[in-house]
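Hi,

Here is the structure I said I would pass on.

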Amino acid sequence: MNLMAQLPVLPVVIPFVAGALALLLPKGRAPWAWATFVSWLSFLASALLLREVAATGPVSYHLGDWPPPWGIEYRIDLANAIVLALVSGIAAAVAPFAYESVRAEIDERQSPYFYAAFLICVSGLLGVTATGDAFNIFVFLEISSLSTYALVAMGGRQDRRALTAAFTYLVMGTLGATFFVIGVGLLYHATGTLNLADLHLKLAGQHNRVVEAGFAFILVGIGLKLAMFPMHLWLPNAYAYAPSAVSAFLAATATKVAVYVLVRFFYSVFGLDFAFLGDALTYVLLPLGVAGMFVASLIAVFQHDVKRMLAYSSVGQIGYMLLGLSFGTREGLAAALIHLVNHGLMKGALFLAVACVVYRLGDHRCAAFSGLARRMPVTTWAFVLSGLSLIGVPGTVGFVSKWYLLEASFAAGHAWAAFMIVASSLIAVLYVGRVVELMLLREPPEQGPLSEPVKEAPLSMLIPMWALVAANLYFGLRTEFTAGFAEQAAAALMTVSGGR
Amino acid sequence: MPHLILRVTTKMFFAPILLFALYVQFHGDYGPGGGFQAGVIFAVAFILHALCFGLEETKKALPQRALTIAMALGVMFYAGTGLATMLLGGNFLGYDALAPHSTHHEGQHYGILLVEFGVGLAVASTMLTVFYHFAGREPEIDPEDW
Amino acid sequence: MIDLAFIAERYNYWIFIVLMMIGVYIVISRGNLVKKIVGLNIFQTSVFIYYISIGKVAGGTAPILPAAYESGHEGKGARASAAHGESAPAPGAASGESLHAAPQSAPEALPANDLASAVAQTPQGAGPSGEAGLHAAPGEAANPLLAPPDGAGDAASALGEAAHKAAEIVYSNPLPHVLILTAIVVGVATTAVGLALAVRIREAYGTIEEDELEAADDIAEFGAAFGEKAEGARA
């Protein structure tokens with residue numbers, strides 16, 4: 001077997017098979033060790049794939065040896081190679097972290113089931129990213145979503161609100177996926193093909209109602225999945241009440257993959273020649289992106305629960321990506337892709353820090369963070385650094401993405417958008433600063449259940465968390481991986497879509 | 001003994017339903033049918049059994065643990081076929097690699113039979129698992145069952 | 001002036017749209033979690049109907065793989081391409097008009113089979129594409145059938161009619177069916193997970209009504225006083 005030739009499918013297949021196997025493992029340490037090993041393997045495959053794609057250009061893989069457009073094609077170019085690396089990288093960081101966190105929050109006897117669902121979810125997200133077939137995207141989207149519902153619901157042992165959150169997520173997610181299928185059906189109706197590259201060729205010059213309706217259904221469907229403001233209502237509760245490790249993984253990957261699907265459909269399938277897309281960008285994505293940046297960030301300021309606060313902040317950050325997309329320029333697209341990766345890194349680190357607090361104090365409300373610097377200094381500083389990254393302080397990835405966003409808005413002639421970005425970053429200072437102030441300047445609570453002395457989180461949690469924090473700093477200083485690749489990817493997408 | 005007629009009828013029907021499931025399963029290679037439909041029919045036989053003899057009796061015949069294993073095995077049959085074709089030098093699910101020297105694509109037949117068998121196994125056991133848990137209505141699903 | 005015929009012959013889309021709206025309406029308006037799942041199922045079913053109804057293509061034909069592909073999969077491709085020659089348009093690729101004609105009467109299986117054999121006998125080169133070949137087929141195939149002398153007149157005219165009907169053959173594209181089978185599996189899985197969640201919610205809260213769930217959460221978060229106020233506001 002030629003391993004390199006099989007590379008495009010490996011990141012998807014490995015966790016899929018391993019997920020089924022994890023179900024059979026005895027409870028205890030085994031499923032966790034297996035999941036960690038597999039997610040590292042998957043990350044390795046994705047990293048090799050990224051290297052190969054960066055060196056030699058897009059790779060096409062024919063499932064079952066059926067050539068496109070008849071068979072299912074996995075087509076990896078730089079844009080999805082980056083997302084593959086992000087998703088599998090976050091999985092590789094969360095999996096080792098999960099052991100202690102999951103043991104504390106979930107019945108240990110359920111652990112084989114938890115890790116099976118986790119691996120299947122990883123496989124689904126990677127599948128959405130890797131595939132070049134419109135219907136296959138739906139199937140993988142649902143594979144990942146179904147396992148996500150189960151994972152979120154497992155938080156029900158800690159807080160029964162996880163159950164209602166998972167149910168709301170299920171209803172909204174299924175509505176979104178079904179809208180997406182309707183859109184794909186309309187496109188299939190108009191073109192007779194499901195292959196994304198082939199769709200692009202056959203859609204060229206088609207400006208009829210069927211295609212426009214298909215576009216609208218796909219936009220709304222994926223909008224629901226990526227929690228585009230104001231379709232974000234499922235997100236805050238799902239992230240707040242899911243088990244902490246699950247929150248970290250989802251916040252860093254699930255919505256990012258949906259953003260990627262939107263990019264793929266906008267630029268690789270419809271293309272900027274499709275006049276309807278330009279209207280949608282200007283009159284839907286731009287206002288909704290800006291509204292999300294402000295409304296969601298403002299709501300985040302008034303949250304009493306740090307996980308909910310971070311969840312609302314995620315909705316706001318998605319607004320930045322949509323804003324970048326909505327310019328319809330190469331710079332804007334590059335900025336959106338950069339922020340997609342960077343936001344995954346900073347949200348992952350932040351949620352892992354919260355998970356450490358939950359592990360020791362069993363609470364993720366603001367009160368638990370009071371005086372944390374004296375009780376859990378290592379966790380506190382991880383939170384502070386990734387919080388600075390979220391705000392966009394120079395030296396962190398947050399700054400890189402804000403910089404590219406600002407540049408893109410000036411290049412697109414939307415100087416006011418640059419002002420909006422800065423203004424909404426100031427709101428981020430408010431909500432991050434509020435928690436940081438609690439941690440650094442306040443005294444620990446003197447009475448009540450939170451006052452008991454606590455130790456720092458165990459090493460198995462600190463190392464993955466700090467790995468992500470280090471990534472935040474490293475990619476903040478050396479931008480050739482994230483920004484360089486994203487710019488190349490954006491240029492390639494723009495060539496396909498007929499933009500400049 | 002209550003529900004005598006129902007129980008006797010069920011006993012008569014049980015084996016033919018399983019047989020029909022297998023027919024649908026293996027006929028799927030040439031015509032309508034296939035793993036999903038067959039899996040559901042297969043599960044129906046056991047659901048009928050549970051309805052007439054009680055869930056406990058059915059669980060004795062087919063415990064939840066066996067279903068969990070069957071579920072995982074089914075997925076592994078499916079994905080394993082794909083991995084096997086990869087190991088034999090083809091692409092994922094490139095069935096021709098299973099019988100490389102065949103003149104009439106024998107590999108395609110082997111491949112689809114194996115994959116559909118995996119699908120059937122997974123679907124039947126998943127359907128029964130869902131039924132067990134809904135019908136069992138335990139206050140909370142016992143994690144031991146997973 | 002409303003073109004009633006135009007509307008009526010697209011009845012499959014109306015069914016799809018009405019079912020879709022009913023489904024979404026139930027999901028949004030009902031507070032009961034199980035009713036929401038029912039709505040979700042109606043919504044998904046409407047999409048299945050849409051996909052299946054676009055699977056009928058007038059004048060379509062099986063997707064025939066180009067000659068270059070035969071070396072890989074001759075068992076599948078060769079037979080079909082021997083009958084039809086060059087590559088034919090993919091079924092769904094037929095233009096909007098022919099797709100819109102789809103809901104019109106679908107011929108029974110019998111004439112379709114007759115046509116298949118007739119096409120097999122048709123000499124090559126009837127047309128560059130499979131579609132043209134199909135249209136050319138009935139005439140040539142019908143001649144020898146009509147040739148038998150008297151006595152067989154009725155049968156011959158019936159066959160001729162069948163051949164004529166076949167000219168407007170409605171081809172069943174299997175691909176949407178396959179897609180929908182997949183979507184049904186996904187839908188069943190979603191329903192199962194949704195119902196399982198509803199059961200768990202009922203165990204945890206003792207209710208599956210959305211209002212009561214929200215009230216219970218509010219009481220848990222802000223104390224009983226808030227809950228009473230919420231109850232009062234509702235009453």
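Starting with chain B: it has five helices and zero strands, where helices (H or I, at least four residues) and strands (E, at least two) are DSSP runs, numbered from the N terminus. From the N terminus on, then, the order in chain B reads α-α-α-α-α. Its C-alpha trace spans about 60 × 35 × 20 Å along the principal axes.

Before going further, the ground rules. This is a predicted model, in which local features need pLDDT of at least 70 and side-chain atom pairs count only at pLDDT 80 or more, while totals for chains, interfaces and linings use all residues. Residues are numbered from 1 along each chain as its sequence is written, chains are lettered from A and ligands numbered from 1 in the order in which they are written, and side-chain values use heavy atoms, with hydrogens and water left out.

Chain B also carries a nonpolar surface patch of about 730 Å², made by L19(B), L22(B), F26(B), I69(B), L73(B), F77(B), L113(B), L114(B) and F117(B). Patches take residues with over 30% relative accessible area and no salt bridge, joining nonpolar side chains (Val, Leu, Ile, Met, Phe, Trp, Tyr) within 5 Å and like charges within 9 Å; the areas come from the Shrake-Rupley method with a 1.4 Å probe, and for residues only the protein chains shown count as cover. The elements giving two or more residues to this patch are α1 (4-27), α4 and α5 (106-136) of chain B. L22(B), for one, sits in helix α1 of chain B.

On to the interfaces. Between chain B and chain A, the contact (heavy atoms within 4.5 Å) takes 22 residues from chain B and 23 residues from chain A. The two chains bury about 2100 Å² between them, with 67% of it on carbon and sulfur atoms; buried area is the accessible area (1.4 Å probe) that two parts lose on being put together, summed over both. There are five residue pairs in polar contact between chain B and chain A (both at pLDDT 80 or more), meaning N or O atoms within 3.5 Å, where within protein one must be able to donate a hydrogen and the other to accept it, and residues adjacent in sequence count only if both atoms are side-chain atoms. Helix α4 (residues 64-87) of chain B provides the largest share of the side of chain B that touches chain A, 11 residues.

For chain C and chain A, 45 residues of chain C are in contact with 35 residues of chain A. About 3700 Å² is buried there, and carbon and sulfur atoms give 77% of that. The salt bridge count between chain C and chain A is zero, a salt bridge being a side-chain nitrogen of Lys or Arg within 4 Å of a carboxyl oxygen of Asp or Glu. Six residue pairs are in polar contact across this interface (both at pLDDT 80 or more). The elements giving two or more residues to the chain C side are α2 (11-29), α3 (33-53), α4 (67-84), α9 (174-205) and α10 (210-222) of chain C, and α9(C) gives the most, with 16 residues.

Last, some backbone details in chain A. The peptide bond from P68(A) to P69(A) is cis, with omega near 5°, and P69(A) lies in the loop between β1 (59-62) and β2 (73-76) of chain A. D65(A) is in the loop between β1 and β2 of chain A too, and its phi is positive, near 60°. Another cis peptide bond joins F229(A) and P230(A), with omega about 0°.

Cheers
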